[in-house]
Amino acid sequence: MHAKTGYVDIGDIKPVAPLQQLLKKVAEHKGCGTSGGSGKSSCGSSDGPQDMDPQVWEKVKNHPCYSEEAHHHYARMHVAVAPACNIQCNYCNRKYDCANESRPGVVSEKLTPEQAAKKVLAVASAIPQMTVLGVAGPGDPLANPAKTFKTFELVANAAPDIKLCLSTNGLTLPDHVDAIARYNVDHVTITVNMVDPEVGQHIYPWIYYKNKRYTGIEAARILTERQMQGLEMLTERKILCKINSVMIPGINDQHLVEVNRAVKSRGAFLHNIMPLISAPEHGTVFGLNGQRGPSAQELKALQDACEGEMNMMRHCRQCRADAVGLLGEDRSAEFTNEKIDAMPVTYDAVSRKAYQQAVELERQEKVAALELEQQQLRHLAQVDGIELLIAVATKGHGKVNEHFGHATEFQVYEVNAQGAKFVGHRRVDLYCQGGYGEEESLSTVIRAINDCHAVFVAKIGGCPRDDLKKAGIDPVEKYAHQFIESSAIAYFMEYVAKVQAGEIVHVLRGDAPIRQGAYIAAT
Ligand code: CLF
Ligand code: SF4
């Protein structure tokens with residue numbers, strides 16, 4: 001079944017504040033000399049072992065959210081053991097998954113810790129590259145501490161090779177830091193949308209704290225104090241912290257630069273700025289009052305602006321609270337309680353390890369292929385600031401290995417004379433099986449990757465190929481089943497050669513909308 005997709009019309013996107021203002025803040029921000037954190041200035045989510053402390057690398061190397069590179073190879077799963085929440089966010093409707101960690105959609109089944117542990121073993125047996133268990137809702141894991149920690153305890157005993165992860169709004173975080181450390185939860189995400197209560201009052205109508213309900217500025221002040229205190233306590237204990245922030249144009253978009261500075265100075269490892277998703281059908285305050293989300297260019301500009309200060313995550317898929325699989329795919333329907341009861345569950349740690357070793361060999365191959373292309377790139381003559389965005393149809397392994405018509409998302413790479421890097425993804429309707437007819441699906445795909453110069457696919461039919469070309473997007477099949485980054489660099493070098501030979505003219509592409517509708521993969 002397909003949910004109807006809503007897009008912000010490009011023509012309707014008005015800048016909510018002059019770009020100069022944002023850039024000014026960024027310039028001030030970059031000169032602030034903050035301390036703490038990794039102290040690195042690259043897009044750390046794609047870093048490798050040479051870029052970080054070996055102990056940190058051990059923690060992130062097969063965590064699909066903490067390492068962009070790992071997310072092509074390793075999967076995560078969430079178990080929905082935490083239904084209650086202690087705050088209200090204007091982008092959340094409790095009928096839906098936790099919007100700070102999930103794309104909107106109801107959780108199919110809430111689980112007891114025992115059911116959750118059984119599900120983890122079933123998934124680990126079927127998906128050997130599943131390396132991380134996260135508790136991310138549908139409410140707040142730390143508003144349900146007994147269920148959350150019982151789940152972690154059961155899983156740690158039965159499957160000690162699985163990393164434990166949780167995501168929280170942070171209100172009760174300081175009270176649970178000792179338990180988080182005791183249960184070896186090595187990765188904690190805190191959703192921080194503001195560090196200024198004046199801003200926070202427009203995002204949080206109320207919180208429930210120490211048996212009392214608070215509203216307005218006071219609620220936001222308590223929340224931000226507790227979040228910052230919890231972050232400091234975690235980083236003192238060397239627990240890796242990721243910060244999720246929802247970018248809400250006109251409310252906290254410019255302010256997120258200050259949030260970035262605040263969390264960086266307290267030692268956060270990674271900052272994940274996500275677009276607000278607010279369609280009216282979600283029934284949220286923002287959905288109903290017409291608050292729009294950012295466009296692709298607005299989101300990227302803010303992420304780029306913050307990147308100089310700390311590691312930025314750009315591959316978040318705003319997962320469901322019961323998501324299973326690689327980021328960007330959802331296999332949760334294969335693991336319902338009913339199906340798990342009928343499954344032979346044999347947790348085989350040896351086979352899992354062997355599979356993961358094979359994955360590591362493939363990662364090394366990918367690095368070698370990239371290094372070859374990078375060497376060629378270094379020999380490239382002056383390229384006059386040419387920069388391309390390339391959309392890629394992939395189903396994992398870091399390769400161009402998906403048919404255009406089967407893609408439910410495209411990964412987007414930026415490539416220039418410095419190399420290729422992952423900068424985002426775009427969810428789309430399946431072209432081949434679109435519930436609204438193929439033509440409508442095709443136009444939504446083209447709109448979603450409107451800012452890209454090319455789309456790499458394993459295969460594509462004649463009709464979409466022609467329409468893409470008409471839209472100025474080059475459909476490219478020649479890198480089928482090859483590694484993405486090295487292919488992107490090879491394409492870039494050919495492109496530059498054609499520009500220099502006068503065969504083509506380099507044009508700047510426009511903006512693209514970010515999908516607002518609930519996403520449900522076709523079944
Ligand atoms: Fe889950 Fe979150 Fe852990 Fe990842 S998700 S609790 S850190 S295992 Fe990942 Fe999903 Fe984005 Fe979350 S892509 S929503 S960042
Ligand atoms: Fe919803 Fe999560 Fe916010 Fe709670 S913290 S209101 S579950 S988005």
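Helices, taken as runs of at least four residues, and strands, taken as runs of at least two, are assigned by DSSP and numbered from the N terminus.

**Figure 1. Overview of the predicted model.** In this predicted model, the secondary structure of the protein comes to 15 helices and 16 strands. Of the 523 residues in the protein, 59% are buried, and the accessible surface comes to about 20700 Å², of which 53% belongs to carbon and sulfur atoms. Among contacts between residues at least 6 apart in sequence, 75% join residues at least 24 apart.

Figure 2. Just after α7, Lys 238 takes a positive phi of about 65°.

**Figure 3. Close-up of the ring pair Phe 149 and Tyr 183.** A search of the whole structure finds 8 aromatic pairs. In the pair shown here, the ring centres of Phe 149 and Tyr 183 are 5.3 Å apart and the ring planes meet at 20°, so the pair counts as stacked, the cut-off for stacking being under 30 degrees. Because Phe 149 lies in helix α4 (residues 145–158) whereas Tyr 183 lies in the loop between α5 (173–182) and β5 (187–191), the pair ties together parts that are 34 residues apart in sequence. Phe 149 is buried, with a relative accessible area of 7%, while Tyr 183 is partly exposed, with a relative accessible area of 24%.

**Figure 4. Close-up of an aromatic cluster.** One aromatic cluster is formed by Phe 456, Tyr 479, Tyr 491 and Tyr 495.

Note on methods:
Residues numbered from 1 in each chain as written. Chains lettered and ligands numbered in written order. Predicted model: local features only at pLDDT ≥ 70, side-chain atom pairs only at ≥ 80, totals over all residues. Heavy atoms only, no water. Phe/Tyr/Trp six-rings, centres within 6.5 Å; stacked < 30°, edge-to-face > 60°. Buried < 20%, exposed > 50% of the residue type's maximum accessible area, 1.4 Å probe, protein only. Contact = heavy atoms within 4.5 Å. Areas by Shrake-Rupley, 256 points an atom, 1.4 Å probe, with all protein chains shown as cover.
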